[in-house]
Amino acid sequence: MDSLSLWIFLFVFLGGILSVSVAALYLTLPEATRSKTVDYLVSLAIGILLGTSFSHLIPEALAGDGTNSQLIMATLLFSILLFFILEKTLLWRHHHPTTVEEHKLNGKIDASAPIILFGDSFHNFLDGILIASAFMVDFSLGVVTGLAVVAHEIPQELGDFAILIKAGLTRRRAFLFNFFSSVAMFLGAVVALAFETALLEYQPYLLAIAAGSFIYVAMSDLIPALDNEIEAKELSLRVLLVAVGMIVFSLHHH
């Protein structure tokens with residue numbers, strides 16, 4: 001296996017299995033600690049996703065020779081609409097961990113547990129393709145994209161755990177279910193590597209789709225998760241963390 005593939009699988013491992021493990025450990029913390037720190041984690045993830053999208057993925061998608069900038073931006077717009085449709089039809093799930101803790105879920109959640117796992121697997125599969133595609137374009141773009149996936153996977157896995165446990169699953173079973181859904185990320189990376197030559201042709205559009213997925217997650221899932229009444233000091237800290245995520249992940253990678 002060449003070194004590029006090894007790097008791809010390392011970041012897929014970080015984004016998939018490691019994120020699930022961190023989320024499982026996080027759930028063992030006292031609830032007061034969890035509910036306070038999860039908002040900081042989400043704030044940082046918002047900055048990282050937006051910084052990566054606007055400073056790395058979109059410029060890289062537009063930088064190729066002979067690329068049609070209008071078509072790339074249309075792809076970006078369409079991908080945001082597509083993720084909206086997928087989420088509303090429950091095929092692609094993203095959960096805000098804060099809201100899960102706050103609202104008592106009814107018995108209907110049992111039926112949605114398989115949907116959550118299917119949606120997660122689909123999402124992880126896509127993330128695997130996106131990480132591999134970014135590495136194929138440029139090593140440092142791959143690193144930035146991989147870290148952005150890790151940043152949004154941890155809060156997502158936390159939300160999934162909370163929902164699955166409320167659905168009646170034991171912590172161990174919730175962990176195993178999430179673990180297996182994270183394996184889909186490896187499958188995505190394998191598919192991307194198998195079709196490397198075909199993917200290279202559509203690289204700018206794949207990067208635009210990656211940016212679309214990151215922007216959608218940040219704006220429609222993570223930002224509303226922070227939308228609760230808090231004092232000015234707490235709000236300032238969250239805004240600062242969003243800004244830190246944006247600035248650090250906006251540093252030029254070439």
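This is a predicted model: local features need pLDDT of at least 70, side-chain atom pairs count only at pLDDT 80 or more; totals for chains, interfaces and linings use all residues.
Residues are numbered from 1 along each chain, and side-chain values use heavy atoms, without hydrogens and water.

**Packing**
- Helix α2 covers residues 31–63, and α10 covers 232–248 (DSSP runs of H or I, at least four residues).
- Their axes, lines fitted to C-alpha atoms over the stretch in contact, sit 6 Å apart at about 35 degrees (N-to-C directions, scale 0 to 180 degrees).
- Among the residues that meet are Tyr40 and Leu44 from α2, and Leu241 and Val242 from α10 (heavy atoms within 4.5 Å).

**Salt bridge**
- The whole structure has 1 salt bridge (Lys or Arg side-chain nitrogen within 4 Å of an Asp or Glu carboxyl oxygen).
- Arg238 pairs with Asp39, closest N and O atoms 2.8 Å apart.
- Arg238 is in α10 and Asp39 in α2, so the pair ties together parts 199 residues apart in sequence.

Definitions and conventions. Helices (H or I, at least four residues) and strands (E, at least two) are DSSP runs, numbered from the N terminus.
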